[in-house]
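User: I would like to go through the aromatic contacts in this model. Could you take me through them?

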Amino acid sequence: MAEPFKEWMNVKLIEVMAEIFARVYNDFDSRAFKKQAEMGLVDMELKARAQHITNALDYHLPRGFDDFSKIALAALHPSDDASVKGGEFGPEGLLGFAAWPLTDLVTKRGIDMPEKALPLLKEVTKRFTAEFAIRPFLEQHTDYTLGVLQGWLNDPNRHVRRLISEGSRPRLPWGMRLNKFVSDPALILPLLEALKDDSEEYVRRSVANNLNDIAKDHPQKVSAVAKAWLEGASPNRKRLVRHACRTLIKQGHRATLEALGYMPVKELSAHLTVQTPVVDYGGALEFCVDLTGGPVGQQLMIDYAVHFVKANGSRVPKVFKWKDIKLDNRGQLSSKKKHAIKPITTRVYYSGEHMLEIIVNGVPVAKQTFQLRM
């Protein structure tokens, strides 16, 4: 079993941080810092550990922001593109999770002086992402921070360019919600437009994630962006758009599917056969779908939804991706599927009559019931 992320924020990390800061700041009290940072750490979860170490670092570094900034810069790893996992760090300089508390401290101390704090975050993000730390600046100093991000669009460092799109995500997981951007994504769309053909997949993927966030509140706007970006698009941009629209695709959003080339197939006939009308818990639902009568070569996105029985007897659908395929030269397609029904942490199963539904290009075309036996 993989080690929990919280274990990366450990005593060894604190010891490395103490060694680094003692090397660049003569008055740093390593012993006191380690004692304060390690106290109660084992009982904390990941974000609490990061905040706890941030507070200890805050106590032991000089208060003046200029002096603090000089020390912070000197403490950073010499490479500005080390490309390591978060749990990797060493005495050469702050890197990975060892740099996380510093990003938070820059925000804590510099939130009222963005003109000094943002350039420092720009350097720190090259060693560990400042996507969480920059969000209070976007919330409290929106216009100023957006102007700074605009100036970073052509920065040679890929981590800085990714910070623009990832830090401005309206609904970044684990991060504070940026309500201004949730309400009005037009504030950040010019940044995403400028980065859509970035040379790095790492950056383009972040642009897609930002658009996917926007799609949760403004589906029509993202659909329109997708349509515009797909005109004359390179393969890289096509992948970006598809990833950006993944939530809308799963929802069967009509305009988005049409922008991606999945037009309604009105002539299509579908025959669904459930080959396991009774499924024992731990087994699998097996089914076959035969499609006929559609245009030769028609592009199809075939999904299926299982309408699971809940505790109160109602049914709630869960959509699963299946195939992206074309009808054959007879306008037909046959396909089989086996869907395991086994213990998972995200769902509680209940006995009863479930329903299977086939969805083609966002349109339900066939459904059939089956019994789940616990």
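**Aromatic contacts**

Analyst: Trp 100 counts as buried at 6% relative accessibility, where buried means under 20% relative accessible area with a 1.4 Å probe, protein chains only. This is a predicted model: local features need pLDDT of at least 70, side-chain atom pairs count only at pLDDT 80 or more, and totals for chains, interfaces and linings use all residues. Residues are numbered from 1 along each chain as its sequence is written, and side-chain values use heavy atoms, with hydrogens and water left out.

User: How many aromatic pairs are there?

Analyst: The count is 13 aromatic pairs. Rings of Phe, Tyr and Trp (its six-membered ring) pair if their centres lie within 6.5 Å; planes under 30 degrees apart are stacked, over 60 edge-to-face, and the rest tilted. Trp 100 and Phe 128 form a stacked pair, 5.8 Å centre to centre with 20° between the planes.

User: Is Phe 128 buried or exposed?

Analyst: Phe 128 is buried, at 13% relative accessibility.

User: Which residues form one aromatic cluster with Trp 100?

Analyst: Trp 8, Phe 97 and Phe 128 form one aromatic cluster with Trp 100.

User: Moving on, which residue lies over the face of Phe 308?

Analyst: Arg 347 does, at 4.2 Å from the ring centre. A charge sits over a ring if NZ of Lys or CZ of Arg is within 6 Å of the ring centre and within 35 degrees of the ring normal.

User: And where does the charged end of Arg 158 sit?

Analyst: The charged end of Arg 158 sits over the ring of Tyr 202, 5.0 Å from its centre.

Key
Buried < 20%, exposed > 50% of the residue type's maximum accessible area, 1.4 Å probe, protein only.
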